[in-house]
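I opened the model today and kept notes as I went. Each entry records one thing I looked up.

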Amino acid sequence: MALTYRSALIAGLLALPFAVAHAQVFTVGEKSATADIATDFKPTHVELPTGKLTERGRRELIRNLEAEQGFAHRALPVSAGITLQANGQLTPGPAEYRKLIYQKGQSAAPGDRVVVTSMEIKGDRIVIDFNGGPYAKHRFLRHVQFNDAPVTSGDPADVATGSRVTLVFEGGVPEVSAPEVKALLEPLIDFGVKSSEQAYADTLPPMLKEAIAAHEVLVGMNHRMVLAALGAPENKMREQQSSDPGGGRYEEWIYGHVPQTIRFVRFVGDRVTVVEIAALGKPIEIHDKDEMGGFSPQAPTREVAMGDEEQGGEDKKPAAAPSLRLPGEAAPEGGPGKVQFPTNTPVAPIPAPPSADPAPGTDSGTNTGINPASSPGANPGMGPGAGTGTGSRPGSKPTMPQP
């Protein structure tokens, strides 16, 4: 037995060098980890305005871009080192871009949905954070402890997982709009997600589709078409026709304010009946004729079917009330029947409770409001209960029974 064990041990030691010689070692490094990351880049060609960005344009840009959603065209690192020149190149280069993802981690893969969570406009650049940005928010409670115990524990949600892109403009940020910024970010982010209004506009005839794309309102459009063309109005007003006090009411949507062009869109029901355009220095344009070119959108219809109504129209017995009994099972005898509703029968009044019995030791024939002991001439040797049942009056001598 010992020889067999020794022989097996020697055989294993002799076979070990051969096993080591044929072993393969895999090393995961930067090149192998980032080999499938695409870094193709094509500069954009977007015509930009020449005027400087105003305060109003800055507010509208932030309002229209924050919380916008798009899809990543390439892998985004958890870093703030991505700089994109407007209609120019992207830095860092392909090799440094892969190294950045390898060192910092990946925020979004190609095709992942990203959300604009923060924006900051500086002199010549727009700083945009996606998915929370590359830096975790500082919380002072992390530095507070009670009896060497931290107040807050390490939450995985506090770890930064976003990315930051800096869009740089030569000579300062111009008066750009949100669609123009989205077009400049096209090499990195695709903002081509259609809203419900845009998807609805694609189903309309070409004439209406072109009018909506040009942000024009035609007489005969419905509410959804106007929302697709101009968006939500700044003000709404509901009035009644002054010429017809008993007539129907109308709703008016107001777009713009002075000195801009103001549009008054009047609805009667779900159709535009009047469009008034008031431009500065020009007479008011009034459109009150149908401009739909014969197209009449169908009004939304709704079918309501009553559950207790037979579609055949034949007179049948009403369906039985819902019950927990099995089909064909008879109701138990003496069980609850129909609901007993209260009647209007007057209820007899409750009689008053009987008066209390006279206390023992008092004369029922005398006035209970007078105390015999306190009456003038009463015998001081007698108690208050003397003469009970004898009919004696105060001051009389009690009669003793004869033997």
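**Surface.** I took accessible areas from the Shrake-Rupley method with a 1.4 Å probe, and for residues only the protein chains shown count as cover. On that basis the protein chain exposes about 29,600 Å². Carbon and sulfur atoms supply 56% of this area.

**Ground rules.** The model is predicted, so I noted that local features need pLDDT of at least 70, that side-chain atom pairs count only at pLDDT 80 or more, and that totals for chains, interfaces and linings use all residues. Residues are numbered from 1 along each chain as its sequence is written, and side-chain values use heavy atoms, with hydrogens and water left out.

**Overall make-up.** I read helices (H or I, at least four residues) and strands (E, at least two) as DSSP runs, numbered from the N terminus. The protein chain has 8 helices and 16 strands. I then looked up burial: buried is under 20% relative accessible area, exposed is over 50%, and partly exposed is in between (1.4 Å probe, protein chains only). Of the 403 residues of the protein chain, 24% count as buried. Contact means heavy atoms within 4.5 Å. Among contacts with a separation of 6 or more, 63% join residues 24 or more positions apart.

Two strands pair if DSSP finds at least two bridges between them. I traced an open sheet of 7 strands in the order β4-β3-β10-β7-β6-β1-β11, with mixed pairing. Strands β4 (90-91) and β11 stand at the edges with a single partner strand each, so one side of each has no neighbour in the sheet.

**Around β1.** I followed β1 (residues 69-72) to its antiparallel partner β6 (residues 113-121), joined by 3 bridges. Gln-69 has Val-115 as its bridge partner in β6. Strand β11 (residues 189-190) also runs antiparallel to β1, with 2 bridges. Ala-72 faces Ile-189 there.

**Two residues checked.** Is Thr-166 buried or exposed? Thr-166 has 8% relative accessibility, so it counts as buried. Thr-166 lies in strand β10 (residues 163-168). Its contacts beyond four places in sequence include Leu-84, Arg-125 and Val-127. Ala-67 sits in the loop between α3 and β1. Ala-67 counts as exposed because its relative accessibility is 55%. Ala-67 still touches Val-115 and Val-116, leaving out residues up to four places away in sequence.

**Rings.** I paired rings of Phe, Tyr and Trp (its six-membered ring) if their centres lie within 6.5 Å; planes under 30 degrees apart are stacked, over 60 edge-to-face, the rest tilted. That gave 1 aromatic pair. The centres of Trp-253 and Phe-267 are 4.7 Å apart and their planes stand at 55°, so the pair is tilted. Trp-253 is in β13 (residues 249-255) and Phe-267 in β14 (residues 262-268), 14 residues apart. Both Trp-253 and Phe-267 are buried.

**Charges over rings.** My test was NZ of Lys or CZ of Arg within 6 Å of the ring centre and within 35 degrees of the ring normal. Arg-74 lies over the face of Tyr-97, at 4.9 Å from the ring centre. Arg-266 lies over the face of Tyr-250, at 4.1 Å.
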